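Hi,

Here is the structure I promised to pass on.

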Amino acid sequence: MSSESRESASAQSQTAALACPHCGGPAVRGRPRPGRTVRYRNLAALPVPADISLPSCPRCRIEFVDPETQARLQPLLHEAYRRVLQQRVRVSIDALMRHISQRKLELLLGLSQGYLSRLRSGGGNPSPELVSNLALLAGDPVARLAELERYWAEPVAG
Ligand SMILES: [Zn+2]
């Protein structure tokens with residue numbers, strides 16, 4: 001067996017192992033291209049690196065992520081997600097700073113002093129929960145900051 005035919009045999013078995021999760025039909029390796037996204041944790045559309053090829057189903061015209069691609073993608077997506085959280089948290093903090101001081105906001109959220117300025121300068125890794133909370137506050141800062149201050153000032157029933 002020449003090395004060429006061995007290669008094509010292994011490429012063939014790789015292709016045969018790929019089945020469309022939608023229709024179960026045979027899938028093929030798609031071409032790498034920009035503009036594709038995947039759901040990642042709480043993020044609806046995280047961009048897939050342009051040089052990664054995804055299997056696609058010619059019948060359903062969908063691309064999907066198989067376990068092998070998933071293993072390659074995982075560290076890349078993890079890093080991209082981390083950067084998205086860093087970027088989103090900066091946008092929310094900047095919006096909130098027009099209505100409350102950094103220190104007051106840290107106290108209100110129970111964060112350690114200086115943490116928000118670290119996040120603002122692109123350091124640290126904010127949790128998705130913190131990014132969510134800050135996004136909600138930044139959506140209606142005056143009303144929601146007042147609401148949260150009241151919440152922490154009042155005793156809880158029960
Ligand atoms: Zn299909």
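Below is what I found in it, from the overall layout down to single residues.

First, the ground rules. This is a predicted model, where local features need pLDDT of at least 70 and side-chain atom pairs count only at pLDDT 80 or more, while totals for chains, interfaces and linings use all residues. Residues are numbered from 1 along each chain as its sequence is written, and side-chain values use heavy atoms, with hydrogens and water left out.

**Overall layout**

The protein has six helices and five strands; helices (H or I, at least four residues) and strands (E, at least two) are DSSP runs, numbered from the N terminus. Reading from the N terminus, the order is α-β-β-β-β-β-α-α-α-α-α. Of its 158 residues, 33% are buried. Buried here means under 20% relative accessible area, exposed means over 50%, and partly exposed is in between (1.4 Å probe, protein chains only).

Among contacts (heavy atoms within 4.5 Å) with a separation of 6 or more, 55% are between residues 24 or more positions apart.

**Helix H6**

H6 covers residues 141-153, which is 13 residues, and spans 18 Å from first C-alpha to last, close to the 18 Å expected at 1.5 Å a residue. The expected span is 1.5 Å times one less than the number of residues. Which residues of H6 are buried? They are Pro141, Leu145 and Leu148. Seen down the axis of H6, these fall within an arc of 60 degrees, so they line one face of the helix. The arc is that of the directions from the helix axis to the C-beta atoms. Their cover includes helix H2 (67-96), helix H3 (102-109) and helix H5 (128-139).

The face of H6 turned away from the buried side carries the exposed residues Val142 and Ala153. Val142 has a relative accessibility of 58%. Val142 and Leu96 are 46 residues apart in sequence, and their C-alpha atoms are 9.0 Å apart in space.

**Helix H3**

In H3 the buried residues are Gln102, Leu105, Glu106 and Leu108. They cover an arc of only 165 degrees around the axis, which puts them on the same side of H3. These buried residues pack against H2, helix H4 (115-120), H5 and H6. Just after H3, Gly110 takes a positive phi of about 70 degrees.

**Loops and backbone**

Arg41, in the loop between strand E2 (37-40) and strand E3 (43-47), has a positive phi of about 45 degrees although it is not a glycine. Arg41 is exposed, at 57% relative accessibility. Arg61 sits in the loop between strand E4 (55-57) and strand E5 (62-63) and has a positive phi of about 55 degrees, again without being a glycine. Arg61 is exposed too, at 75% relative accessibility.

Then there is Arg31, in the loop between strand E1 (28-29) and E2. Arg31 is exposed, with a relative accessible area of 71%. Leaving out residues up to four places away in sequence, Arg31 touches Arg36 and Ser53. The C-alpha atoms of Arg31 and Asp51 are separated by 8.6 Å, and these residues are 20 apart along the chain.

**Aromatics and cysteines**

How many aromatic pairs does the structure hold? There are two. Rings of Phe, Tyr and Trp (its six-membered ring) pair if their centres lie within 6.5 Å; planes under 30 degrees apart count as stacked, over 60 as edge-to-face and the rest as tilted. One of the pairs is Tyr151 with Trp152, edge-to-face at 4.8 Å centre to centre and 75 degrees between the planes. Tyr151 is partly exposed at 48% relative accessibility, whereas Trp152 is exposed at 58%.

The disulfide count is zero, a disulfide being a pair of cysteine sulfur atoms within 2.5 Å. Cys20 is buried, with a relative accessible area of 4%, and Cys60 is partly exposed at 23%.

Cheers
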